[in-house]
There are 2 protein chains.
Amino acid sequence: MMISKGPQAFPRTEYLRRLAEVKSEITRRDIDALVVTNPSNIAYLTGYTARSFSVPQGLVVSIQQEEPTIILRKQDGPAAVHQTFMGRDKVIGYPEALIGNPDKDGYDALIDFLLELGVAKRGVGLELDHLPARSAEKFKALLPQARIVDCAGAVTLIRMVKSDLEISLMKEAAAITDAGIIRAAEVIRPGVREADAMAEIVTTLLRGANGKPGTWIANPYLCVSPLIGTSHIPWTENVLRDGSQANVEIAGVRHGYTAPISRTFSIGRPSDRLRRVHEAEVAGLEAGLATVRAGRTCNDVAQAVYRTIEKLGVKKESRCGYPVGIDWMERVASFKEGDMTVLKPNMTFHLHLGNWMIDGDEDFGYVISETLRVTESGVEVLTSAPRKLFEIT
Amino acid sequence: MMISKGPQAFPRTEYLRRLAEVKSEITRRDIDALVVTNPSNIAYLTGYTARSFSVPQGLVVSIQQEEPTIILRKQDGPAAVHQTFMGRDKVIGYPEALIGNPDKDGYDALIDFLLELGVAKRGVGLELDHLPARSAEKFKALLPQARIVDCAGAVTLIRMVKSDLEISLMKEAAAITDAGIIRAAEVIRPGVREADAMAEIVTTLLRGANGKPGTWIANPYLCVSPLIGTSHIPWTENVLRDGSQANVEIAGVRHGYTAPISRTFSIGRPSDRLRRVHEAEVAGLEAGLATVRAGRTCNDVAQAVYRTIEKLGVKKESRCGYPVGIDWMERVASFKEGDMTVLKPNMTFHLHLGNWMIDGDEDFGYVISETLRVTESGVEVLTSAPRKLFEIT
């Protein structure tokens with residue numbers, strides 16, 4: 001491959017620091033190699049963000065080697081050379097014969113690499129929360145003398161604490177998110193088809209903010225009356241109407257880093273119920289933000305949120321947030337009662353007062369959220385769109 | 001849940017027909033229940049297209065019950081009631097306590113449902129090409145007397161042959177795709193940032209065509225010089241220039257159904273190499289199309305393509321297509337030598353002459369493709385954007 005290295009989102013030292021933490025974890029778990037297959041974790045450790053994961057690929061991190069090795073489809077090798085910080089010899093493209101082949105696939109090539117690395121009788125870590133069962137069986141069958149260790153969540157836990165460089169990207173993403181909300185307030189109008197409103201919002205998320213374009217499209221959601229009791233319908237073919245409520249959840253993305261936000265829009269005067277719920281949820285959000293600080297726990301934040309909204313007559317069943325970073329959610333903690341994860345400086349969270357409930361004889365929903373950074377002394381809110389119930393008049 | 005049923009993409013009879021085929025397969029495999037976790041397969045069997053699969057969810061199909069049962073996060077229950085054809089009692093929302101819980105998750109609720117169904121000592125099918133290894137272990141641990149059968153690909157194979165109603169949606173999606181290519185030809189201009197060009201293309205894909213909006217954003221790709229040797233970089237922050245080549249791969253989506261297309265754009269006069277490769281690849285594409293017919297095999301199509309382009313001095317390593325439908329690729333066949341899958345009427349394919357190669361001292365790439373339908377007597381090409389090398393002058 002002749003392709004040149006591209007501009008890197010981070011300096012080499014940053015990737016080596018991350019890898020050093022992963023290698024400490026590898027040592028702690030007494031394994032010799034970790035096979036990373038979660039695309040967000042691969043992006044974190046290498047800079048690779050191309051969307052090639054519809055076929056097998058993986059990154060092998062070992063104690064012996066400074067740089068990890070990415071094994072992926074040959075066709076995607078040039079993208080890996082271009083995007084990752086590693087040397088060209090650390091990009092291994094497996095042949096096309098392994099695509100659409102019922103007998104052998106890209107994991108066979110990855111396992112061949114592990115055998116060459118000499119770990120056939122050693123400990124090998126796999127991300128068993130991500131690797132399909134059939135593929136995990138292949139590792140066990142072809143590495144019968146290896147000790148397979150489930151390393152689910154190991155890299156994601158390391159990802160939770162961001163460097164200042166990562167925080168800069170999160171801020172760039174948050175600025176894009178804010179621009180998307182401002183655009184939503186312009187295009188959510190009676191007579192506009194939901195799909196057309198979303199087209200404008202997504203365009204804004206791609207065009208970006210402050211000269212920095214969006215680098216990917218995170219799943220956007222626009223749940224409009226009578227579907228405000230739903231949370232994950234992207235949009236419909238319906239037309240927005242006077243009296244409609246629209247719950248928007250979107251995120252700008254910069255080099256994988258995602259900063260989500262939710263806001264609720266009312267076309268015309270909001271109902272008393274909507275206004276009452278909004279006031280309670282904003283109070284809950286602010287109580288949560290006031291509780292965030294290094295040393296506190298996820299449980300502390302959740303307690304503050306739930307206590308506040310319950311006092312104001314609103315009950316929320318679902319958790320009120322989770323860590324965010326590359327490709328949105330980091331599935332290793334939650335703002336929920338009983339989650340004793342300790343907050344550390346530069347952890348980033350989506351504090352989400354999304355609330356879907358049955359109210360009287362209908363499903364009802366309301367959303368408000370912010371992306372935040374934990375600091376030593378408190379919190380920095382990265383998103384800055386107006387924290388209000390948007391009234392479209 | 002009070003939410004009302006929404007407009008369905010298909011009539012009930014269509015879903016029951018699909019389920020009858022799945023039930024035949026269940027009987028053939030001598031199992032009692034099939035647990036479907038691949039979101040595209042869930043969409044196929046129920047109409048559910050909400051994007052809630054970042055947490056566990058699954059559909060249980062059993063011989064005993066006419067309608068299947070979807071088990072998903074309680075918060076997503078209203079969306080399932082709204083979108084699916086089944087009765088409300090076939091939507092089971094599991095409690096929020098199973099979210100972000102290291103001990104129990106949504107699969108525990110799904111397994112509880114299987115136990116109530118009485119299959120503890122029976123055959124249970126799982127999609128082990130999709131279900132994460134850790135979750136598959138949970139099924140085995142909690143159903144220790146069940147016979148677990150790997151049903152990877154079973155539903156996808158059934159999906160390959162579309163009904164006429166599905167073909168109608170594929171045609172709607174293809175019209176949107178074509179509109180996206182036409183828009184690309186307008187916005188790919190020197191001085192335009194790649195992200196801004198993509199913003200316009202994606203807007204078009206959402207606004208749709210013939211009054212039918214796009215219902216989702218399929219991953220779009222814009223690989224521009226000097227990255228034309230890559231295939232899965234979405235876009236960069238670079239600015240398009242005179243002399244740039246741009247390889248575009250996009251797809252319109254209607255209710256999950258995806259009709260992809262690729263076209264190559266040259267800003268300014270194409271190089272002789274590009275023109276020569278284009279002519280060979282178009283000839284290959286047309287030879288492939290001329291070979292498609294019910295009764296022929298994937299191998300036949302691939303042979304025609306490869307023979308034609310090789311005669312014209314171009315060699316392609318990667319396969320030249322795959323079946324398409326819900327959420328783009330159906331991973332059960334390929335247009336490649338040796339794939340003896342027999343073409344049947346109303347199978348739909350993405351015949352893809354994407355070709356990434358090393359040419360002299362640089363990585364080179366060229367793309368052209370169509371979405372097609374197999375007919376008794378030949379082929380119907382669903383996409384209709386001009387089959388040309390777009391020259392932007």
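Modeller: Start with a term: two strands count as paired if DSSP finds at least two bridges between them. Keep in mind that this is a predicted model. Its scores are ipTM 0.97 and pTM 0.97. For chain A, the mean pLDDT is 97, and 100% of the residues reach 70 or more.

Now the sheet in chain B. Six strands form an open sheet with mixed pairing. Read across, the order is E4-E3-E2-E1-E5-E6. Two strands of chain B sit at the edges: E4, residues 91–94, and E6, residues 147–150. Each of these pairs on one side only. On average, neighbouring strands are turned by 25° against each other, direction ignored.

Look next at one pair inside that order. Strand E1 of chain B covers residues 33–36, and strand E5 of chain B covers residues 123–126. They run in the parallel sense and share three bridges. Pick out B:Leu34: its bridge partner in E5(B) is B:Gly125.

Chain A lets us follow another strand pair. Strand E3 (residues 69–73) and strand E4 (residues 91–94) of chain A pair in the parallel sense over four bridges. Find A:Arg73, which stands opposite A:Tyr94 in E4(A). Between the two strands, the chain passes through helix H3 of chain A, residues 77–83. This β-α-β crossover from E3(A) to E4(A) is right-handed.

Now step back to the domains. The domain assignment of chain A gives domain 1 as 12–159 and domain 2 as 164–392. Their centres, taken over C-alpha atoms, are separated by 33 Å. Across the boundary, 10 residues of domain 1 of chain A are in contact with nine residues of domain 2 of chain A. On the domain 1 side, helix H2 (39–46) and helix H6 (154–159) of chain A are the elements that give two or more residues. H2(A) gives the most, with four residues. By class, that side of domain 1 of chain A has four nonpolar, four polar and two charged residues.

Note on methods
Residues numbered from 1 in each chain as written. Chains lettered and ligands numbered in written order. Predicted model: local features only at pLDDT ≥ 70, side-chain atom pairs only at ≥ 80, totals over all residues. Axes fitted to C-alpha atoms, helices over the stretch in contact; angles between N-to-C directions. pLDDT = per-residue confidence, 0-100. Domains from an automatic or database assignment. Contact = placed C-beta atoms within 7 Å. Nonpolar A, V, L, I, M, F, W, Y, C, P; charged D, E, K, R; others polar. Right-handed = clockwise from strand over helix to strand, strands pointing away.
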